[in-house]
Amino acid sequence: MRFFFCVLAVFGLAKATMGTVAPDAATFFDSTIHGNLTKITWVHAVNNFKKLNETLADESIMMVEADIVLGTVGNFSEIIPIMAHPPNNNSDLSLADFLTAMVKHKKKGVKLDFKTIEAFNASLELLTKHRENMTFPVWLNADILRGPVDADTEPVDAKQFLSLASKTLPESTLSIGWTTKYGIVNMTFSGNYSEAQIDEMIKTVSNTSQPITYPVRAGLAAGGITVWSKLLNNTADKNATLTIWSAEGDKVDVDQLKKLIQEVGYDRVYVDVPEKLQKQLAGSATAASISTFVLLSSIFLGNVLLASLF
Ligand SMILES: *[C@@H]1O[C@H](CO)[C@@H](O)[C@H](O)[C@H]1NC(C)=O
Ligand SMILES: *[C@@H]1O[C@H](CO)[C@@H](O)[C@H](O)[C@H]1NC(C)=O
Ligand SMILES: *[C@@H]1O[C@H](CO)[C@@H](O)[C@H](O)[C@H]1NC(C)=O
Ligand SMILES: *[C@@H]1O[C@H](CO)[C@@H](O)[C@H](O)[C@H]1NC(C)=O
Ligand SMILES: *[C@@H]1O[C@H](CO)[C@@H](O)[C@H](O)[C@H]1NC(C)=O
Ligand SMILES: *[C@@H]1O[C@H](CO)[C@@H](O)[C@H](O)[C@H]1NC(C)=O
Ligand SMILES: *[C@@H]1O[C@H](CO)[C@@H](O)[C@H](O)[C@H]1NC(C)=O
Ligand SMILES: *[C@@H]1O[C@H](CO)[C@@H](O)[C@H](O)[C@H]1NC(C)=O
Ligand SMILES: *[C@@H]1O[C@H](CO)[C@@H](O)[C@H](O)[C@H]1NC(C)=O
Ligand SMILES: *[C@@H]1O[C@H](CO)[C@@H](O)[C@H](O)[C@H]1NC(C)=O
Ligand SMILES: *[C@@H]1O[C@H](CO)[C@@H](O)[C@H](O)[C@H]1NC(C)=O
């Protein structure tokens, strides 16, 4: 009986999304997640052949995140879209090879994180070439607005990104967010997305008809949770969702983050965070992330203390 329903569920999935270009992730993985977006599993920085091979061999992974910059492959001198995270500009894996492998595999979604508008522009031809065969979720990601806390990273040009995306792959999901300055690298451990930053996003996407997910940094998103229902309600016509992400060394108030996820709803929030935070969200203990922070702070303060002694 149970087997029968499983077969039906898988058949339902196949029927619902078969042949569809860049289907919605919730629909594509529905037989596994049953509407609960937090159950989607992720892998990050699939920017070389070794990691790509491991990823493709792992059936438990649903969404594959990878970074695209302009650079070179191996010892070739031609500058093309490659899989790498800045400041790297050399890789053994080109976007062309990455897409060919994903299209052949068919079972996983991709989140393509474009670091510059030039890298995106140079990738459009490849996206067009593979368009009809990308029958899995395709997210086009870029930080298009300046965000917290007074982030100094230059965002990707919003107007150009949105316009090129809709011309090239109107079926894709836009994963568009804010640049951030936070965490251990920047010695910034508190902050939040301001109402003005939310309003700017609502205005920026007003003419967009593609589905949208907003990548938001866990520690900052949990720092002020009232803004999210405003953002999602005001862009509900784009089936807007949040994707919570986090970096190692970020301070995250786990209880507040849990509250955020519950308030926004499991059907409107993807959770793509490091394993440790994932476990904290699933469990009831929240002490660990604070203790990391205390540990890091005491190292920092210890250094200051030592420095002042000498
Ligand atoms: C969604 O999935 C998460 C992770 O498995 C689980 O903790 C949560 O209870 C689920 N929520 C609902 C409403 O099913
Ligand atoms: C990855 O897999 C491809 C095809 O199966 C193979 O040609 C290649 O050598 C592998 N690369 C690495 C680094 O494992
Ligand atoms: C790659 O980065 C190195 C070191 O920053 C730089 O010297 C080189 O010009 C860059 N190459 C390309 C193709 O951008
Ligand atoms: C380029 O790299 C390949 C192997 O990765 C090597 O066989 C070849 O000799 C290299 N060519 C040059 C000009 O360095
Ligand atoms: C965009 O790419 C096209 C060719 O793919 C190139 O002709 C054009 O100069 C690029 N524009 C920018 C702003 O990079
Ligand atoms: C797309 O798939 C079809 C059918 O399998 C194939 O004939 C075609 O060559 C593929 N296109 C690309 C760009 O690989
Ligand atoms: C924040 O950290 C990034 C590296 O992640 C660095 O490029 C940037 O300059 C830092 N900004 C400040 C103000 O420290
Ligand atoms: C949206 O389109 C209208 C009408 O074409 C235009 O006036 C407005 O500037 C556009 N807004 C954005 C944010 O692109
Ligand atoms: C957000 O941060 C600002 C300062 O950057 C602070 O004044 C405000 O109280 C914070 N909001 C919340 C909800 O914590
Ligand atoms: C957003 O919409 C939900 C459900 O429609 C509603 O309960 C909530 O009050 C709205 N929030 C805002 C800030 O408009
Ligand atoms: C939102 O979801 C509905 C129901 O699945 C679908 O019909 C509609 O096309 C979607 N809209 C966007 C902008 O993705």
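Mentor: Buried here means under 20% relative accessible area, exposed over 50%, and partly exposed in between (1.4 Å probe, protein chains only). Helices (H or I, at least four residues) and strands (E, at least two) are DSSP runs, numbered from the N terminus. This is a predicted model, in which local features need pLDDT of at least 70, side-chain atom pairs count only at pLDDT 80 or more, and totals for chains, interfaces and linings use all residues. Residues are numbered from 1 along each chain as its sequence is written, and side-chain values use heavy atoms, with hydrogens and water left out.

Trainee: How many residues of strand β2 are buried?

Mentor: Ten of the eleven residues in β2 (residues 63-73) are buried.

Trainee: Which residue in β2 stands opposite W42?

Mentor: That residue is M63. W42 belongs to β1 (residues 42-43), which runs parallel to β2 and is joined to it by two bridges; two strands pair if DSSP finds at least two bridges between them.

Trainee: And which helix does the chain pass through from β1 to β2?

Mentor: The chain passes through α4 (residues 49-57), in a right-handed β-α-β crossover. Right-handed means that, with the strands pointing away from the viewer, the path from the first strand over the helix to the second runs clockwise.

Trainee: Turning to β5, how many bridges join it to β2?

Mentor: Six bridges join β2 to β5 (residues 109-114), and the two run parallel. E65 has K111 as its bridge partner there.

Trainee: Is β3 parallel or antiparallel to β2?

Mentor: β3 (residues 80-83) is antiparallel to β2, with four bridges, and V69 is partnered with I82. The two strands form a hairpin with six residues between them, where G74 in the turn has a positive phi of about 55°.

Definitions and conventions. Chains lettered and ligands numbered in written order.
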